[in-house]
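Keep the picture open while you read, and find each part as it comes up.

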Amino acid sequence: MSALHIVPVMKGNNMDGAMIDIGSNSVRLLYRMQEKTVRFARITRLADNMQNGVLCAASARRTLSAAARFAAWARKNRLPYGAYATSAVRDAKNKEAFAKAAARLLKTELRVLSGEEEAAAAFAGAAANMQEALCVLDIGGRSTETAFGKSSLVNNSFSLPIGAVNTTQRGLMPDSMAEEAECAFKPYASMLPLDTPVLAVAGTVTTLAALEKRLHVYEPALVDGFLLTDTLVQAWITRLAALPEADRDSLPGMQKGRGKVIVAGCCILLGWMRAFHTAQVFVRTTDGLDAMLDAMLKNKIILDEKSQ
């Protein structure tokens, strides 16, 4: 399959709201207001310098600071909002302390997703309005989720503690990173039916698409549905690995700060593609963040009066 029909996600009336994603590499905000959808992201690298499974205080402070600013913006604009966290927090020994600090600063409860929940959210966000059987790949900062399903319903999924941040920290050469990822994913290869389209989400793949298109200003519409081949991924690994981090960050299409982890993310992607014998994946700009916002709005979860 060399083409994928992307169906726009249709939103109903009175669906204004915001959702904050506290990830292992970045903090993201998605909001919908007056039929406009806007995304923001700040790279804070929460998973940096974790020692013995404990979140680093400095990483936690800068992450919570970014998330608190997003929450304050949502309150100022009187938007209902929620917040959730993924791998770095769920695996941390001090996750309860982090969640309490987040609730105090964000003025809303922080939901910590399990790996299965993260995979299901990624699938729901990427596969919205698609009826065919699909696979969704979500390469994060500290974990990678893979989900299989149809019509936005997950039939099977798995999560592995392999991400762009923790792989970068190991200091391996690109070939070794790709080989280790391939070995880790191989036991799951039989889960992917032949000729099933693969949708890939999150910063690694959206950045690769933006790099290939040389986007000076990131435009989701120009990235969504972009076809990434294994040959293209390998070419970018070779090019990016040869550049200093500062030079990577200056490339058209590269989000500032992502240059540090982009090579590892690409190697994880290539290893996954090799393990699953997949020569191509389609980039999607809608992901678990979209699904979490939709879930909150459909359940009519609103701000407590005390957090106004």
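## A buried glutamate, and what surrounds it

Glu182 is buried, with a relative accessible area of 17%; buried means under 20% relative accessible area, exposed over 50%, and partly exposed in between (1.4 Å probe, protein chains only). The model is predicted, so local features need pLDDT of at least 70 and side-chain atom pairs count only at pLDDT 80 or more, while totals for chains, interfaces and linings use all residues. Residues are numbered from 1 along each chain as its sequence is written, and side-chain values use heavy atoms, with hydrogens and water left out.

You'll find Glu182 in helix 6 (residues 174–185). Helices (H or I, at least four residues) and strands (E, at least two) are DSSP runs, numbered from the N terminus. Setting aside residues up to four places away in sequence, Glu182 touches Gly271, Arg274 and Ala275, where contact means heavy atoms within 4.5 Å.

Now hop over to Leu160, in strand 8. With 11% relative accessibility, Leu160 counts as buried too. Leaving out neighbours within four places in sequence, its contacts are Arg142, Ser143, Thr144, Ala184, Phe185 and Tyr188. Thr146 is 14 residues from Leu160 in sequence, and their C-alpha atoms are 8.8 Å apart in space.

Two strands pair if DSSP finds at least two bridges between them.

Look for Thr229, which stands opposite Gln280 in strand 11.

| Pair | Angle |
|---|---|
| Helix 7 and helix 9 | roughly 80° |

## Two crossing helices

The axes of helix 7 (residues 203–213) and helix 9 (residues 230–241) come within 11 Å. Helix 7 and helix 9 are therefore roughly perpendicular to each other, a label for angles of 65 to 115 degrees. Leu208, Leu211 and Glu212 of helix 7 meet Leu232, Val233, Trp236 and Leu240 of helix 9. Helix 7 is mostly covered, with nine of its 11 residues buried. After helix 7 comes Arg214, whose phi is positive, near 55°.

## The cores

A nonpolar core is a set of buried Ala, Val, Leu, Ile, Met, Phe, Trp, Tyr and Cys residues joined through side-chain atoms within 4.5 Å. How many residues does the largest one have? It has 45, and Phe185, Leu228 and Leu269 are among those with the most contacts inside it. Helix 11 gives the largest share of this core, 11 residues. Leu269 touches Leu137, Ile139, Val205, Leu208, Leu228, Val233 and Val281, not counting residues up to four places away in sequence. Apart from this core lies another, of 35 residues, including Met33, Met50, Phe70 and Val261.

How values were computed: Axes fitted to C-alpha atoms, helices over the stretch in contact; angles between N-to-C directions. Parallel < 35°, antiparallel > 145°, perpendicular 65-115°, else oblique.
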